[in-house]
Amino acid sequence: MNIVLLEPEMPANTGNIGRTCVCTGTRLHLIEPLGFQLTDKMIKRAGLDYWPDLDVTVYTNFEDFLKKNPECEGKLYMATTKARRVYSDVKYEEDSYIMFGKESAGIPEEILVEYEPYCVRIPMAEDIRSLNLANSVAVVLYEALRQQGFSGVEQTG
C-alpha cells in the first residue's frame with residue numbers, strides 16, 4: 001500500500017502517519033510544500049524510533065509525484081469530505097495509493113474534480129469539518145489492508 005500526503009502541515013500528524021506506515025509495511029509519499037522540516041523534533045517525537053525504518057519519498061509537487069509514479073493511474077484514491085462514496089465501498093488493490101490533503105484545506109478542488117470516481121469519504125456526524133489526519137489515514141489504510149487479508153502484517157499476538 002501507499003499513503004500520499006499532499007502538503008501536510010503538522011509534523012505530529014506526519015510523524016504518527018509515518019509510524020503507522022512502518023507498522024503496516026506501507027510506503028509514505030510526501031508532496032511539498034511541507035509545513036515543517038523532516039528533521040523537526042515533533043515529527044521524530046510522534047514517529048518515535050520508527051522513523052528511520054520508514055520508506056518515504058518527497059516530491060516537489062503533485063505533477064512530480066504523478067510523473068515518478070505512473071503505476072498509480074487507476075489506483076490513486078482521494079480521501080475527502082466531499083466524496084459521494086464511502087471508503088469501505090471501494091475495492092482497493094494491494095498496491096493502491098490513498099491520498100490525503102493538508103489539514104487546513106484538504107485536497108484542492110481541481111484535483112478532486114479530475115479524480116472524482118476515485119474520491120472516498122469517512123462517514124461523520126453532520127456539520128463536523130473532519131477527523132484528524134492521522135486518524136483518517138489509519139481508518140482508510142486498515143480497511144484497504146483488511147480487504148487484502150492483512151497481507152504482510154502479523155495477525156496473531
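**Entry 1**

I started at P33, which sits in the loop between β2 (27-31) and α2 (41-47). For these labels, helices (H or I, at least four residues) and strands (E, at least two) are DSSP runs, numbered from the N terminus. I found that the peptide bond from E32 to P33 is cis, with omega near 5 degrees.

A note to myself: this is a predicted model, where local features need pLDDT of at least 70 and side-chain atom pairs count only at pLDDT 80 or more, while totals for chains, interfaces and linings use all residues. Residues are numbered from 1 along each chain as its sequence is written, and side-chain values use heavy atoms, with hydrogens and water left out.

**Entry 2: positive phi**

Most residues other than glycine have a negative phi, and most peptide bonds are trans. D127 belongs to the loop between β7 (119-121) and α5 (133-147). Its relative accessible area is 76%, so I call D127 exposed (buried is under 20% relative accessible area, exposed over 50%, partly exposed in between, with a 1.4 Å probe and protein chains only).

F150 is also not a glycine and has a positive phi, of about 55 degrees. I located F150 in the segment after α5, and at 24% relative accessibility F150 is partly exposed.

**Entry 3: the core**

Which residues have the most contacts inside the largest nonpolar core? I read off I3, L5, I17, L28, Y92 and F100, in a core of 28 residues. Such a core is a set of buried Ala, Val, Leu, Ile, Met, Phe, Trp, Tyr and Cys residues joined through side-chain atoms within 4.5 Å. Two or more residues each come from β1 (2-6), α1 (11-24), β2, β4 (76-79), β6 (97-100) and α5. The largest share, seven residues, is from α5.

Another core, of 17 residues, lies apart from this one, and I saw F65, L76, A83 and M99 among its members.

I then followed F100: leaving out residues up to four places away in sequence, F100 touches I3, V4, L5, L6, A79, I107, L133, S136, V137 and V140 (contact means heavy atoms within 4.5 Å).
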